[in-house]
Structure formats: structure tokens, C-alpha cells
Amino acid sequence: MSDRAAAGHVAVAVVAYRNPADVSACLRALEGSTHRDFEVVICENGGREAFARLTAALPNQLAGGQPVRIIDGGGNLGFAGGVNRCLAASPDAEAWWILNPDAAPETEAMGALLGRLRAGDCDAVGCIILLPGGRVQSFGGLWRFWLARAVSLGYGASERIGPDPARIEARQNYLNGASMMVSRRFVDVAGPMREDYFLYAEEVEWCLRARERGLRLGFAPAARVLHRQGSTTGAITHIARRARTPVYLNVRNSLLVTRDRRPGLLGLATVTSLVGVLLRYPRRGAWRQLFWALSGWLAGVRGERGRPAWIAP
């Protein structure tokens, strides 16, 4: 272990896609962190022009002297590809904090996550993720294999409700990828994120794979992060106005998770996933989204992977 790792150095890994305003706001929030030993590594997936715009918009270091490094992804690597590039670019870190560019952590968040990780009984740590308006998006996640569906623990609860950390840790089997801190052991044992998912559910598969290999997931209730969810993908608009990419990939990749981690349940998950699609979209008049969801379902049944053809490389 290097001296920097021993000293508690954290690398904050951010994957950007043509959204310099989001990234700038995220950096402003990080400047207030009470834990000061960190760097920020950003992978821009939006191409050469986006990389140039982001480089021009951001400082080389934060007000506290923490370095900010921007990597040109050389094309659209997807979320997992961007995360993997950030991890590889910061090999001396004790821990990596994977943080969405549309997230704003509170000042104590980084220190609380690192403190929970250093307790020694877990290998990756999640936190309280809040939506604008003060409601909870996630305390952690529970993946139901037979439904090919994620359950966000605490979703919709008031931010004033204090969760029971022991109960969260007992129930969760994945962490929300908008904010998760992973240790060196986690990366060494679990390996990198799967880039063939491209976008959505890759953190779910990563955590499930890690648990299968004996790694443990923790929860830091003192760490709070505001998440302006889906600012670049259009994933949180009304269901009848949602964009093609999140609709398609959510359904496809949900089946891939069960295919990869519990293949014996894939037949059942295929049926329940189709029923869910047919119940969800028509009753809301989301006919175009229904077509995209069915296309994603068929792709998941076929085991198709990678970047969809309509998304620019």
C-alpha cells in the first residue's frame, strides 16, 4: 500500500457526458468536504469537443488544493467504462468514491463513508441519497432476481426519518451507483464494472458479484447526498415523456443481471419482466415507451449487450 493510500486518500470518480454545468456544481459541493485528502478524476464520455468544453469550464484544482483531472474517454464508454477509466487513473487511492455528476454531497459525506469503510467489516459503503424536495431516493438497494427488478430501500420516505443502519445492511444486496465508496479490496476481488451493460444496472451486477465472492456492503447514515436524478438521460420525466435510452436499457439490463448472477431464475424473470412492462406503460398512455421497453425486453431475452446502435460512439 502506498503512503497516500495509508493516509486516507480518496479518489472521487465522476463520469460526465456533455454536462459541464452538472460537473461544476458537483465540484462546488465537494469543495466543502470536511475530509480534505482527495482528488477528483472525471472521465468525459461525450467526445473530443465535449472534453475541450469541460476542460475549459473546470479548474485544475479545488479551492482546498485538491487536484481535478479530466480524462478524454475517446468516445462514449458508458457509465461502467468511464468508472473503470477513473479507477485505473488513480491507483494510489485508499478508496474510490463513485459519484454521479448530478449529485451534491453534504460536507460530512466523504468522511462518513470513509469512516464506515475503515471499520473493517465491509468493503463498499452506501449512504442516504436524497431527491430534490427532501424525499429519500435510496438508503440502499435490494435486487429481486425472479422479478428482474430493483427495490430502493427507503424510497419516498422523509429525509427526517432516521434509518436503522443494521437493518439496511442486513437487507441490501447492492448500493446505489449515484454514490458508492469502494475499497481497494473490493476492486481487487470483484474486478472492474462490466462495460457490456453500457448504462444502468452495472452497479447492481458489480455488488451482487462482489457478495458472491465474500465481500460485504456497508451503510453510512451520516453520509447524505442530493441526487438530481437523470439530468443527462431524461430518466425522471413523466413516464410518457421518457427518452428511449433509459426505457430500453433499464428493461434489457435488468434481465442481464438475473442472467449473469442467477441464470436458473432467468425463465421466471423473463415472464415477470414482460408482465411488468405490459402493466406499466399502457395504463399511462406511454405507447412509444411501451415499444422501447418491449424492444429492451427482447434484447434481454436474447442476451444482447453493449451500446445500443442509436447511441453515438
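Biologist: Is F139 buried or exposed?

Modeller: Burial is read from relative accessible area: under 20% is buried, over 50% exposed, and in between partly exposed, with a 1.4 Å probe and protein chains only. F139 counts as buried because its relative accessibility is 6%. This is a predicted model, in which local features need pLDDT of at least 70, side-chain atom pairs count only at pLDDT 80 or more, and totals for chains, interfaces and linings use all residues. Residues are numbered from 1 along each chain as its sequence is written, and side-chain values use heavy atoms, with hydrogens and water left out.

Biologist: How many aromatic pairs does the structure hold?

Modeller: Rings of Phe, Tyr and Trp (its six-membered ring) pair if their centres lie within 6.5 Å; planes under 30 degrees apart are stacked, over 60 edge-to-face, and the rest tilted. The structure holds three such pairs. One of them joins F139 and F219 edge-to-face, at 6.2 Å centre to centre and 65° between the planes. F219 is buried, at 1% relative accessibility.

Biologist: Which residue forms an aromatic pair with W310?

Modeller: Y248 does, in an edge-to-face arrangement with 4.8 Å between centres and 85° between the planes. Y248 counts as buried at 9% relative accessibility, whereas W310, at 30%, counts as partly exposed.

Biologist: Which residue lies over the face of W310?

Modeller: A charge sits over a ring if NZ of Lys or CZ of Arg is within 6 Å of the ring centre and within 35 degrees of the ring normal. For W310, R244 lies over the face, 3.6 Å from the ring centre. Likewise, the charged end of R262 sits over the ring of F145, at 4.5 Å from its centre.
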